[in-house]
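I opened my notebook for this one with two things to look up: how the parts within a chain meet, and how the chains meet. Here is what I wrote down as I went.

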There are 2 protein chains.
Amino acid sequence: MTNFTALTGRVLAACADMARFTEVEGQITRPFLAPSAGLVHEYLRSWAFRLGLATRLDAVGNLRARLESRVPGAPTLYIGSHLDTVPNAGAFDGVLGVVMGFALVEAVQGRELPFSVEVLGFSEEEGVRFAVPFLGSRALVGSAQAMLSLTDAEGVSVQEAISAFGLRPDSLPDSLPDSLPEALADANTLGYLEVHIEQGPVLQDLGASVGVVEAIVGQSRLELTFRGRASHAGTTPMHLRRDALAAAARFMVACEERARQTGGLVATVGVVNVKPGAGNVVPGEVVCSLDLRHARDGVRREALAELLSQAQTFATERQVTLTTTTKLDEAATPMSEPFRALLHRAASDANLIHPDLVSGAGHDAQIMAQRMPAAMLFVRSPNGLSHHPDEMVLETDVQDALRVGVRFLELLAQEVQGA
Amino acid sequence: MTNFTALTGRVLAACADMARFTEVEGQITRPFLAPSAGLVHEYLRSWAFRLGLATRLDAVGNLRARLESRVPGAPTLYIGSHLDTVPNAGAFDGVLGVVMGFALVEAVQGRELPFSVEVLGFSEEEGVRFAVPFLGSRALVGSAQAMLSLTDAEGVSVQEAISAFGLRPDSLPDSLPDSLPEALADANTLGYLEVHIEQGPVLQDLGASVGVVEAIVGQSRLELTFRGRASHAGTTPMHLRRDALAAAARFMVACEERARQTGGLVATVGVVNVKPGAGNVVPGEVVCSLDLRHARDGVRREALAELLSQAQTFATERQVTLTTTTKLDEAATPMSEPFRALLHRAASDANLIHPDLVSGAGHDAQIMAQRMPAAMLFVRSPNGLSHHPDEMVLETDVQDALRVGVRFLELLAQEVQGA
């Protein structure tokens with residue numbers, strides 16, 4: 001039997017240890033393939049060594065550690081998350097999921113599993129250095145080639161960054177797809193499991209330690225520009241104004257109302273820029289953002305169409321013009337039904353409440369889902385805090401997640417053997 | 001009979017000529033007592049010389065030109081406006097009113113008036129250089145002493161600026177009140193008339209060339225700070241948000257609604273600063289401005305109290321805190337009823353429509369009104385434009401204003417003689 005208390009201690013110790021590997025003293029700041037990423041890799045390789053796992057870095061810098069099944073031709077289950085962080089991050093976003101992969105392998109390594117387990121530590125997920133997220137998982141599923149020429153703030157390309165890290169520079173970009181066929185291009189893949197902190201307050205609000213992700217939301221991100229006419233705040237009567245902010249404010253209110261009325265919809269205006277921006281001048285122009293997310297693309301698109309129509313009405317009523325630019329329109333990703341069912345059964349067997357919830361943020365699982373069944377287990381985020389130095393997890397919650405993970409592997413093994 | 005066409009031509013030519021006197025080539029930028037102010041003074045002194053008027057600069061640099069009545073002990077009517085400008089100004093804001101004073105004197109100088117006329121070209125009204133407006137008129141009514149130690153961006157004080165301009169430096173600050181008693185401290189003052197461009201679109205909207213100012217609005221200016229909690233736009237459901245902008249947007253909508261429902265009230269939110277200000281982060285803090293104006297202080301204060309109460313409700317509903325800071329609370333200034341009646345009669349005699357309107361901006365007349373009857377005649381501002389290089393007046397409107405002004409002087413003369 002697994003000693004969950006001890007294993008939980010090792011998980012938390014590993015997260016704390018790796019929090020020391022940073023590019024900025026006093027913070028956790030670990031961008032894609034920075035020197036601190038190499039220290040994280042060495043740390044995890046030594047854990048893999050103790051467990052007797054084969055490890056390698058693939059062409060895009062993903063750390064991969066493999067527990068080989070003794071069953072000939074056994075399929076592979078992938079477990080992982082990412083090892084990069086946002087600037088001044090917490091110690092658990094991403095890292096926890098990779099560490100959980102190692103811990104789960106440690107828990108089951110003595111057993112005869114009918115599948116191999118490969119732990120994935122993705123090199124890039126946050127999109128900080130190259131402004132596009134999911135480099136690591138995209139490379140794994142074979143959709144990263146177009147990203148090789150992206151450049152960071154210093155003009156260094158993805159290809160050059162990979163090369164500078166010492167990763168098979170001679171064979172790029174051809175090396176990227178070749179990380180794939182060995183396991184993913186054939187049918188011999190069971191799927192992908194990612195454990196991740198929720199990064200939101202839902203599980204805390206429900207009093208649950210873990211939750212099963214139903215889907216990763218689809219997202220619309222837009223920029224709206226309301227153009228009216230700047231005029232004197234004292235001498236322009238209300239009926240002769242063309243107040244861009246008055247129109248934009250109605251739109252903001254409509255966004256909040258629509259999202260409150262629509263289950264699961266979140267709508268956020270996070271940016272508002274007002275010109276000329278003086279207290280005694282009626283605003284002539286307002287540029288604002290809209291971030292709209294839902295697990296069902298139809299719901300999101302219907303809400304978007306209605307909000308844009310309302311925005312146009314608010315603008316027209318005030319002789320204000322409206323232009324909109326779509327910055328992002330990303331479809332939702334449902335998680336694998338069979339894997340979700342296994343996670344629910346596992347949590348139930350562990351005597352835990354196990355709510356379904358939607359991931360409002362993007363994750364590597366949505367990329368992996370393009371090629372295999374994918375699922376996510378969320379761990380409660382106290383106060384919903386993430387991307388912040390105070391980000392944390394509760395020890396008992398991590399232990400719950402380990403229990404669910406181990407039981408998930410047992411149930412999966414039964415299924416594979418029964419098949 | 002006055003040749004109004006020729007006189008209008010001289011008014012517009014004078015405005016155009018003085019527009020060349022500027023501190024910034026290619027703009028009209030003429031701050032308090034800059035060298036270009038001296039050129040304006042010389043230009044107007046030569047006009048006064050042609051008219052045979054005595055001129056002087058008083059201690060704060062107001063240009064004063066006097067048409068002396070031959071009636072012993074005759075009272076004085078003041079006519080004027082200001083000669084300074086905002087940066088990159090138009091050619092008429094302020095200047096037009098001073099030039100109108102000279103033109104009206106020119107129109108009536110051959111007649112035997114039972115009052116003296118003193119044309120005032122105030123040296124400072126815009127508040128650009130020392131951040132406090134109305135230096136010129138405040139000095140005239142004896143309330144400028146406290147301003148002498150104010151300093152400009154270069155650390156030069158009002159007192160030093162006056163001294164540098166060559167104005168009786170040895171007797172400051174005692175020289176300021178002494179500009180007053182000669183005419184204003186006794187009862188021998190008829191009042192003050194100011195002609196000014198409207199700086200708003202009301203007269204254009206009404207199809208009127210001129211309008212009679214009922215009152216100069218009172219103003220409230222506040223800063224509101226809504227503090228909620230920044231959180232992830234994807235992972236924070238609507239019911240668990242503390243969105244500072246959602247509260248602030250409701251407040252902005254309420255401001256527009258309240259002002260639309262209340263005759264004469266204008267409410268403007270011109271500044272909105274959102275933190276952290278990222279499209280995918282629920283706003284944690286919003287600082288916004290409120291500018292509220294009305295001709296009746298009771299109406300303004302009642303509206304302000306209601307709006308702040310609503311803002312508090314919107315904040316509380318979202319677990320957001322609200323703090324407010326009052327930046328300005330200035331009472332309204334009603335214009336002189338007898339003078340307004342004379343202006344209406346004069347405009348009626350000139351076969352003009354002559355709407356009452358409220359001044360939404362501050363003017364020297366509100367300072368002069370502290371010591372004597374004061375009135376303002378507004379001239380239509382095409383497109384409501386002012387404080388802008390494209391600010392303009394229509395030639396026919398200036399002619400209408402001259403007709404009203406001359407008739408006003410005739411009617412006033414009748415009243416004084418009849419009294």
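**Entry 1: between the domains.** I began with the area that domain 1 of chain A and domain 2 of chain A bury between them, which is about 470 Å², with 45% of it on carbon and sulfur atoms. Buried area here is the accessible area (1.4 Å probe) that two parts lose on being put together, summed over both. I noted the bounds too: domain 1 of chain A covers 4-216 + 332-418, and domain 2 covers 218-330. Such bounds come from an automatic or database domain assignment.

**Entry 2: ground rules.** I reminded myself that this is a predicted model, where local features need pLDDT of at least 70 and side-chain atom pairs count only at pLDDT 80 or more, while totals for chains, interfaces and linings use all residues. Residues are numbered from 1 along each chain as its sequence is written, chains are lettered from A and ligands numbered from 1 in the order in which they are written, and side-chain values use heavy atoms, with hydrogens and water left out.

**Entry 3: still in chain A.** The C-alpha centres of domain 1 and domain 2 of chain A lie 37 Å apart. Their contact (heavy atoms within 4.5 Å) takes eight residues from domain 1 and eight residues from domain 2.

How many salt bridges are there between domain 1 of chain A and domain 2 of chain A? I found zero, counting a side-chain nitrogen of Lys or Arg within 4 Å of a carboxyl oxygen of Asp or Glu. Three residue pairs are in polar contact between these domains, both residues at pLDDT 80 or more. A polar contact is a pair of N or O atoms within 3.5 Å; within protein, one must be able to donate a hydrogen and the other to accept it, and residues adjacent in sequence count only if both atoms are side-chain atoms.

**Entry 4: chain A against chain B.** Next I looked up the chains, which bury about 4,000 Å² between them, carbon and sulfur atoms giving 59%. On the chain A side, Thr235(A), Met238(A) and Arg250(A) lose the most area to chain B, together 15% of what that side buries. The contact takes 49 residues from chain A and 49 residues from chain B.

**Entry 5: charges and pairs.** I counted six salt bridges between chain A and chain B. One of the partners is Arg250(A), which pairs with Glu256(B), the closest N and O atoms being 3.0 Å apart. Polar contacts between the two chains come to 12 residue pairs.
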